[in-house]
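Subject: Structure for you to look at

Hello,

Please find the sequence and the structure below. Have a look at both before reading on.

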Amino acid sequence: MLVWIMVSVIASVVMRNMGIQPFAWLFTSAEYGLLYMTMLGAPWLVREKGHVHIELLTAALPGAARRLLSRAVAAACVLICVILTWKGIELVMTNIERGDFDTRAYYYPRWLLTIAFPLSFGMMAVEFSRFVFGRELMHSGEAGIHE
């Protein structure tokens, strides 16, 4: 998807600079790709602890308090992701019931776009729950950049 986005953006810019109207589907497909990449890549970021969080507070806490806070934050993340999964399922079902289409460049069933929401948030709920119930914590307890 990333390669396609790069190709479609370059093609659009080159066509525009040559005075040619770029194909509408080039821009639209890049938008779809950005949505899918963002939503479907998010669970992997949670698994790899690649999301942004600040460890200033957890670094100052003793071990037991840090573990409790880290698991509480992960549990809150699970709860939020479950709610967003539920709302995403409702959105997809609404799109299917109404027969909604995205009609900007071509007729594309809207549920094929919105299905990314419940899938992504559902997988993120699973990944965050690993930090609630597993041995590994979401927070390392060390402030600063770790790479």
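This is a predicted model: local features need pLDDT of at least 70, side-chain atom pairs count only at pLDDT 80 or more; totals for chains, interfaces and linings use all residues.

Residues are numbered from 1 along each chain as its sequence is written, and side-chain values use heavy atoms, with hydrogens and water left out.

Helix α1 and helix α2

Helix α1 covers residues 2-17 and helix α2 covers residues 24-47. Helices here are DSSP runs of H or I with at least four residues, numbered from the N terminus. The axes of α1 and α2 come within 9 Å and cross at roughly 150°. That makes α1 roughly antiparallel to α2, a label used for angles over 145 degrees. Axes are lines fitted to C-alpha atoms, for helices over the stretch in contact, and the angles run from 0 to 180 degrees between N-to-C directions.

The crossing of α1 past α2 is left-handed, that is, the near helix is turned anticlockwise from the far one by less than a right angle. On the α1 side, the residues that meet α2 are L2, W4, I5, S8, A11, S12 and M15. Their partners in α2 are W25, L26, S29, A30, G33, L34 and M37. Contact means heavy atoms within 4.5 Å. Sorted by class, this contact of α1 with α2 has 10 nonpolar, four polar and no charged residues. Nonpolar covers Ala, Val, Leu, Ile, Met, Phe, Trp, Tyr, Cys and Pro; charged covers Asp, Glu, Lys and Arg; the others, Gly among them, are polar.

A11 of helix α1 is partly exposed, with a relative accessible area of 25%. Partly exposed lies between buried (under 20%) and exposed (over 50%), using a 1.4 Å probe and protein chains only. From A11 to F117 there are 106 residues in sequence and 29 Å in space, C-alpha to C-alpha.

Helix α6 and its neighbours

α2 and α6 pack at an angle of about 10°, with their axes 8 Å apart. The two helices are therefore roughly parallel to each other, the label for angles under 35 degrees. Among the residues making this contact are Y36, A42, P43 and V46 of α2 and M124, F128 and F131 of α6. By class, the contact of α2 with α6 has 15 nonpolar, one polar and three charged residues.

α4 and α6 pack at an angle of about 160°, and their axes are also 8 Å apart. That makes α4 roughly antiparallel to α6. Their crossing is left-handed. The contact of α4 with α6 has 19 nonpolar, four polar and one charged residues.

The largest nonpolar core

Which residues touch the most other members of the largest nonpolar core? Of its 18 residues, they are Y36, C81, M124, F128 and F131. A nonpolar core is a set of buried Ala, Val, Leu, Ile, Met, Phe, Trp, Tyr and Cys residues joined through side-chain atoms within 4.5 Å. The elements giving two or more residues to this core are α2, α4 (63-98) and α6 (116-133). The largest share, seven residues, comes from α6.

M124 sits in helix α6 and is buried, with a relative accessible area of 9%. Leaving aside residues up to four places away in sequence, M124 touches A42, P43, V46 and C81. M124 and C77 are 47 residues apart in sequence and 8.6 Å apart in space, C-alpha to C-alpha.

Regards

Notes: Angles under 35 degrees count as roughly parallel, over 145 as roughly antiparallel, 65 to 115 as roughly perpendicular and the rest as oblique.
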